[in-house]
Amino acid sequence: MIFVNGYSAELLSYVENFEDTFKSLKNSRILITGAAGLIGSYVTDLIITANQKFDLNIKVIAVDLNRELLDTRFPDEFSATVQKVYTDVNKIRLDLTDVD
């Protein structure tokens, strides 16, 4: 990936093209299952980029069974945005009543 001022040029382009969509998520908490996988990690990257670019205060709950991959993909420097949960989503029960 090509980075511009710390952002991937590709991610930054998508975020800027969908600025209104990302801004509508301001102050949200978003649960992403499979967060270390291909699609989940890309979606999480988009949210992190939008969060940093537009100061949106979005919190991501990143769920994945693969602890090593999740920790590698989203190191502690992202802890203000990304809360990691290491589990098989098929084996948990979540109280999502307060989730946006």
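Analyst: The sheet is open and has three strands, paired in the parallel sense, where strands are DSSP runs of E of at least two residues and helices are runs of H or I of at least four, numbered from the N terminus, and two strands pair if DSSP finds at least two bridges between them. β3 (29–33) and β5 (82–86) each have a single partner strand, so one side of each is left without a neighbour in the sheet. The strand order is β3-β4-β5.

The model is predicted: local features need pLDDT of at least 70 and side-chain atom pairs count only at pLDDT 80 or more, while totals for chains, interfaces and linings use all residues. Residues are numbered from 1 along each chain as its sequence is written, and side-chain values use heavy atoms, leaving out hydrogens and water.

User: Which residue stands opposite T33 in β4?

Analyst: β3 and β4 run parallel and are joined by five bridges. In β4, the residue opposite T33 is V63.

User: What is the bridge partner of D64 in β5?

Analyst: Strand β4 (residues 59–64) runs parallel to β5, and five bridges join them. The partner of D64 in β5 is Y86.
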